[in-house]
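Subject: Structure handover

Hello,

Please find the structure below. My notes on it follow.

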Amino acid sequence: MVEGFITQVLLQPLGIYVVALGAGFLVPLFDRAHRSSAILLFFLALAGMVAIAGINLLAILNGAAPIQIETAGIAPPFAINLRFGLYEGGFVLAVNSIALLGALHWLPSLRQHASALLLYLIMVMGINGMVMTRDLFNLFIFIEITSIATYALIGMERTGSVLAAGFKYIIATSVASAFFLLGTIFLYYLTGTLNIDGMVAQRELISGPIGFIATLFLLTSLLIELKPYPANGWGLDVYETAPGGIAALISVGVSAGVFFALLKTLPLLDNYLSSIAVVGGATFLLSNLIGLKQDNARRLLGYSSIGQMGLLTLALAATVQLGIEAQLPLVAGGLFINHLLAKAGLFWLADLVNRNSTRDWSVLAGRPGRLLLFGILLSALVGLPPFPGFWAKWVLVTELAAGGLYPWITVVLLGSLLEAAYLFRWFTQALQTRESDTPDTIRLESLLPVALAALLLFATGYGMAVQLESDTLIMFLPLLAGTALWLLDGLPGLLKSLLMLVVVAAGGAWLTLDLEGLNRIFGFILVGGGVLLSLATQYRSDVRKGFYPLLGILLLSLATLLRAHTSLEFFFSWELMTLSSYLLVTLGRGGAKPALTYLLFSLAAAYFILAGFALAYAASGSLELAALGDTGSSMGLVFSLLAAGFVIKTGGLGVHIWVPGTYGEADDDFTAVLSAVVSKAAIFGLLLVAAQLGIRSDIGLDPAYVLGWIGMLTATFGALMAVFQEDIKKLLAYSSMGQLGYIVTGIALMSHLGWVAALYLTVNHFLFKGILFLAVAGVVLRTSERLMYKMGGLIKNMPFTFVATMIAIIAMSGVPPLTGFGGKWLLFNAMMEKGWYWLAALAFFSSAVAFLYMYRLLHTVFLGQRKLEHAQLREAPAILLVPQFLLIGIIMVFSAYPKLLLEPLSSAISPWLAGNLVWDGLSLHTHLGYWNAPMIMGVVAGVWMIPLLFLLLMSLTLKIQKVGQFNIVFAAERPHRPEDTHFAYNFFAHYDRALGFLVKPRATAFWNSIVEWSHTLAASLRIFYNGNGQTYALFIVMYLVVLFLVNGGLQL
Amino acid sequence: MKKTPSTLSTLENAGLSAEDQLLFSNARPRPYEPYPIKAIEDFANWARANSLWILAFGTGCCSIELRPLMTARFDASRFGVAGRPTPRQSSVFIIGGYVSVKTLKRIVRSYEQMQGPKFIIALGSCPANGGMYFDSYNTINQFDLYLPVDLYVTGCMPRPEALLGAILELQDDIKAGKCDGANRYIEHFDEYKANQKKVIKDWNMPDYNW
Amino acid sequence: MIAEWFGRAGNFSLTLLIVTVYGLLVGAFIERTIAKVQGRIGIPYRQPFINILKTLVKRTAVSHGIMFYLGPVFRIAGGIGTLAFIPVIYGSETFANFSYAGDLFLVIYFMFFGQLGMALGAGESGHPYSAIGIARGLSQMTAYEVPFALAVISIVIQYDTLSITEIVAAQQGGWQHWTLFTNWVATLAAMLAFLGMTGYSPFDIFLAPQEIPIGPPTEFHSAYLSLLQTNRALFGATKLVLFMNLFFGGATGWIELMIKTLAIYMVAVVVGVAFPRFRVDQSIRFFFKIPTLIGIISIIYVQMMFTS
Amino acid sequence: MSFFGDLQISMIVLCSGLGLVLIGLWGILTQRNLIRMIIGFSLLDTGIHMVMVSIGYVTGGTAPIINDDVPMATAVSRVVDPVPSALVLTAIVIGLGVTAVMLSFAVRIFRARRTLMIDECTESKW
């Protein structure tokens, strides 16, 4: 009997209502007896609701038919019926689970108000009803039940602002409900039924003026409930003021219910798909734009919530419009679950942190665990991998592209970028320690629901990955490794570093050793090089919380990037790389702010790449990277988009402003990895794109030629900007930017020789920039300075570092006989062969300019006058020098026998660009010239040794006295202090006078004005939110009117 | 002057603060030997004599007579004479007239920075005996108390012809191997230094300006 | 193999000797010429040799450190190496040096080798004037490099090769085949760049004897200086040979070489005695105006004339 | 047919219902006093109820009770549609609930800030 009751009634979907209502009635009774028993019952009920939803959903997933529930045993239309299918099950389970977690979070407040238990249960039940019911009027009732419960929950807080916000909320939703009711009754009038399925079956009856008015009312009501711009000020006020638990449930639960209502009534509203899409898109874009101006944490979450619901609406309308409802679970489901978990988690966290201004979130600074949670939730919201939002956005954008809805792609990506901007600005503020902060008082156990939400995000993300991809294990390998390393984060720093190296070396080898061609070469650079440079991380023995796991993720994601066969795999690894490198940059001393710029530019790059891949998918119908070339007429556009993305990531001119800050402020050893290794991923991407698309004759030369100019101008201006830097790391940062410019030009040449040049330069840049940044790490470690003019004369203390730097600089400069010359020679030959004479001339100029900063680096740091306080400095630690000298060894080998390097490069390129290098013995011949590296090496060694021997011989006849640093001719005076004797500050003042006008910070000014303008725009767009409930009500009415007019109301 | 072999291998550099001591060399200069083979030494002296690079440091009013030396009328470049802007590369120091105490300090510093073999020509009466400034409070009267002079040219002031003649005479002396002023200075370093320090009160240089 | 290498090295030593001696003599000749213009007799021809000898037989020296010591070595190695990669006499296997190891591009980049090494040596001397001189020299170099690069690109387009030997070969058969006459625009641009490259007035501010006592080498003396002096003659002559090869038809014998290089050198000398000194920013602006424009025209010109 | 016969009763109810809706909206939009706004809402609600009732009404129809007088076969054409009436009942209950909540909010707002003017409750904005 009891068993029967349980299986027949309780475990059926209807059991949710039974449990909710039953518990609802019993809770006050239990409360009379004992508060704790009431709370226990409450949790049991919520858990029961989760369990029922879960069990039934599982059954459906296992192939059971959707459950139709008929009330009173009568079939519709004579009675209300409910349905529990796949969609319903998913939504209900998600909402109930989040409600359970929310209740856990809200527990301390629940203890105060027994009635809140009841209201909470009713509210959740209402949302369940909204999802399951198939009856329009019943839907209205559930909406109202939910609303009244919500009102009451809001009203329990007795502060004026909450009540005011609540009243505005009531007015707005009541008007919306009134519209709903009107719509419902007119629909009933037309169709004679209240059953949604019945109405859909008689869709043709819903026409004419009454049909139009009826559907218009219904649509307006549902849209208003979803809080569209600008009729959403009331929602924002509630998000801002209501307790986090309630706000979370309104944001995710109520909105989910309304969204589902829209989903199920959509067949009735099929005339308005465009309107719905526009409303959703505009809301997504504009609320994210306005969010930029917001500094109240909860209201910010409100903007984000509204934006997310807009995106969901847009996704729904677009999917239906394109007739790809099969993708709906992935797109809308993914976005929904992502928003649900992330937003709820953030509202809870906001509740716990309990700081209104986002600036005050700096209380989290220095608390890795909390920041990790915060970061996970934000990353999920922005749509970074591996969270569900990532997969959903991917599918959405690819499908939008396939359907030709390009404007919507722009809206989605632009909106996402804006959202990332304010969310990660918030994160940046949380990272910065401030003096005035008192430590937060969050108890660890109260973070449990937030942590569970974060875990669920990972789980659902993986679930979606399994749906979309076959090779998920490899894709998630970096994350698994990272998690494993993170679990060991309590170990001493050196041990962690060692562990990380072992894991990355083993994983990287497993992932990349069986690759072929280009990928193999990049495998050596990215993974091998990454491990080699990461050896240097051993020079710091401090704990560096989070550093090693993230570095592990970064390096392994580079390995998986190389393995990618489909654009999705590629993009996944790419974004993972972006995210992990961003987080690593934030770990630097002043890294938080520059990291934000880095992230935003990286995301912009990623979105260009995403758009490119989506268009390629649309054109070729395949996600295979190898199919990028089958994109027919859109080839030029695909190429331009992808190339733009990769060029942003290389720091091309105009979009380079992230480079100096990022390289400057990241940890010194990590900068080496970032510049020498990570930047090569963009080169790999560019080569990949060029290989698949750029070399096609039908694409035309023009995009490549433009790319060539971009690269060379980047090289020139990078060098010029480096000349005027006082900060040693920024100097090298600009230098990296410039050197990558040459590589970009090499790729743009689209010729065998050009690509050999590009690859050769890539390898070379890895070699010398790795040395330089590690050398600088040693110098910075010893001197604690980054401004070069504050150093000087360090050759006496750090001879090995000096030698390494000097060799790296010779290798960079292009002076024979080291590797740099080969790169310049190949590039020049390739450019002349192609007829790019102007670029060749510019290359000459920029490589001459490069001498200026190279000399400046060597002189002001290592030569000249040593400061008194540096007299006792020691040489850099051996562990920093070891990788440098290993790299020098490689440089020497490749300098003497470039054939060792050039042959594999050439053969890796041949599949795409036919041709091979012409060798005559050890001499390389091109159409124009020849280059016999071993002989050059021999001659140079000879002509260098002979004068040296001569001088040594002469020295025997001389009395050579080693003198002090002040024993210089100083116009018959004596120098007074090293500071005023060392010529270092503003070293190229005269050059500034002549050419300084070229490097006025125009790009920075441009991007600053973009930021300023978008803030101004945001400020003018939010004037609608004047806080007056009546204005809000007016907007709701106006919404109806506008929808009426736009959909041709006057033509009736 | 008698030879006083120095007992210490390094100099005190007492005029320098502890900090500055680190920045300057405190090595004691050593005299150099001629080449062991006479022929080579003669050849070297011939080269030295025919390539006299004059330090462009006009110490007093007689320096005005240095300028015409390079012009068309006298054209000292015929004899391998050239001006040089840095003491490191010069071999001849022409003391151009009276030497004030302030200038003496700079002369000493510059002279010590020249590389040997190096020669001094004292131009005019003042370096020899103070000339018309003999009773000035800040002009030294006898220059060779402070630095070794290889050749005096008297007159107030001497004509360029006299200077040119002195240069030719110096060349002859160098070729004959008679100009060992630099070594003399080092051998009698302590006396010279004591004399210098006697007049130069603000001694803030190292004892030997390498 | 070994014998072959020694043979080549021997041949090159001969070239090196001739060019160095020639460079020193040219220096003396120019000095004497200027002296004659000024109504003086001037230095004897042996003077540059005596000067080098004199600095070699100095008996004392100071050292500021290892890079200071190696600076002159780098400098002269740069000079010798540059010469080593240039074929000096057209058609002569003996005086082709090591030019088959690399082409014009190698020569242009190898010219930096000595400058970079010297700059490092001068930097370690710790003298601020050295550093100022280098900063000025490098800055000016970036400027005159532009018209020079444009001119080089122009002739590479014209002759469709980077091999100096082939460029000279293409100019054989009479004066009318010299680049000077076939591509006078490029030659003009290159000669303007040449003025900067020689470091004569008006582009000698990086040496500025009175202001920053001859700039980079201000601390060098004794044997170091002798290497630098040798290199000044050698490197100067080497640049002349390079310009002769590229623009003036090369030389089939030493006499022709001497006449031509002397003529090229006279351009710089005449300009040098006639014009006062530019400030660095002025000289940079100068090179970016007319010479660069001429260089650009030379490429357009050569594309119109030779590639159709 | 009289003039009033042409103008069906349901039409009158419908029009006055819609009129009430408009008046209610006008009240909500123009009256700053919370109580007056709530009254506006009540009018709006009532108007909607009237619209609902009017839609279900069949002119000359009888009560929707199936008995001997109104057999099953002819019921559809003779009785008033019972569903809207049932809906109205539910809607009234809900409307009542909402009105009550609104009033209690008004009371609490007055207690918290000693005012009933909605334009003085604008501290959350932008």
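**Around A:Ala830**

Not counting residues up to four places away in sequence, A:Ala830 touches A:Gly746, A:Leu749, A:Ser751, A:Leu753, A:Gly754 and A:Ala757. Here, and wherever I write of contact or touching, two residues qualify if their C-beta atoms, placed from the backbone, lie within 7 Å. A:Ala830 is found in helix α32 (residues 819-834) of chain A; helices (H or I, at least four residues) and strands (E, at least two) are DSSP runs, numbered from the N terminus. A:Ala830 counts as buried because it has 26 C-beta neighbours inside 10 Å. The cut-offs are these: buried means 20 or more other C-beta atoms within 10 Å of the residue's own, exposed means 12 or fewer, and partly exposed is in between, with C-beta atoms placed from the backbone. A:Ala840 is ten residues from A:Ala830 in sequence and 9.3 Å from it in space, C-alpha to C-alpha.

Two points on conventions. This is a predicted model, in which local features need pLDDT of at least 70 and side-chain atom pairs count only at pLDDT 80 or more, while totals for chains, interfaces and linings use all residues. Residues are numbered from 1 along each chain as its sequence is written, and chains are lettered from A and ligands numbered from 1 in the order in which they are written.

**Chain A and the cores**

Chain A has 40 helices and six strands. Its radius of gyration is 32 Å, close to the 31 Å that the globule rule gives for 1052 residues, so chain A is as compact as a globular protein of that length. The radius is taken over C-alpha atoms, and the rule is 2.2 Å times the number of residues to the power 0.38. Along the principal axes, the C-alpha atoms of chain A fill a box of roughly 115 × 60 × 55 Å. Of the 1052 residues in chain A, 64% are buried. Among its contacts between residues at least 6 apart in sequence, 80% join residues at least 24 apart.

The largest nonpolar core has 596 residues, and A:Leu121, A:Leu377 and A:Ala840 touch the most other members. Such a core is a set of buried Ala, Val, Leu, Ile, Met, Phe, Trp, Tyr and Cys residues joined through C-beta atoms within 7 Å. Helix α24 (residues 592-620) of chain A gives the most to this core, with 23 residues. A second, separate core of 48 residues includes B:Ile120, B:Met157, B:Ile167 and B:Tyr192. Leaving aside neighbours within four places in sequence, A:Leu377 is in contact with A:Ala342, A:Gly345, A:Leu346, A:Leu349 and A:Ala454.

**Between chains**

Which chains have the most contacts among the four pairs that touch? They are chains A and C. Here 62 residues of chain A meet 66 residues of chain C. On the side of chain C, α5(C) gives the largest share, 17 residues. That side divides into 42 nonpolar, 16 polar and eight charged residues, where Ala, Val, Leu, Ile, Met, Phe, Trp, Tyr, Cys and Pro count as nonpolar, Asp, Glu, Lys and Arg as charged, and the others, Gly among them, as polar.

Strand pairing also links these chains: strand β6 (residues 959-962) of chain A and β1(C) run parallel over four bridges, with A:Ile960 opposite C:Ala61. Two strands pair if DSSP finds at least two bridges between them.

No contact joins chain B and chain D, and their closest C-alpha atoms lie 63 Å apart. Chain C and chain D do not touch either, with nearest C-alpha atoms 53 Å apart.

**Strand β4 of chain B**

Is strand β4 (residues 119-123) of chain B buried or exposed? Five of its five residues are buried, so the strand is largely enclosed by the rest of the structure. In a regular strand, side chains alternate between the two faces of the sheet. B:Phe119, B:Ile121 and B:Leu123 point one way from β4(B), and B:Ile120 and B:Ala122 the other way.

β4(B) pairs in the parallel sense with strand β3 (residues 92-96) of chain B over five bridges, and three bridges join it to strand β5 (residues 151-153) of chain B, also parallel. B:Ala122 is the bridge partner of B:Ile95 and of B:Tyr152 in β5(B).

Regards
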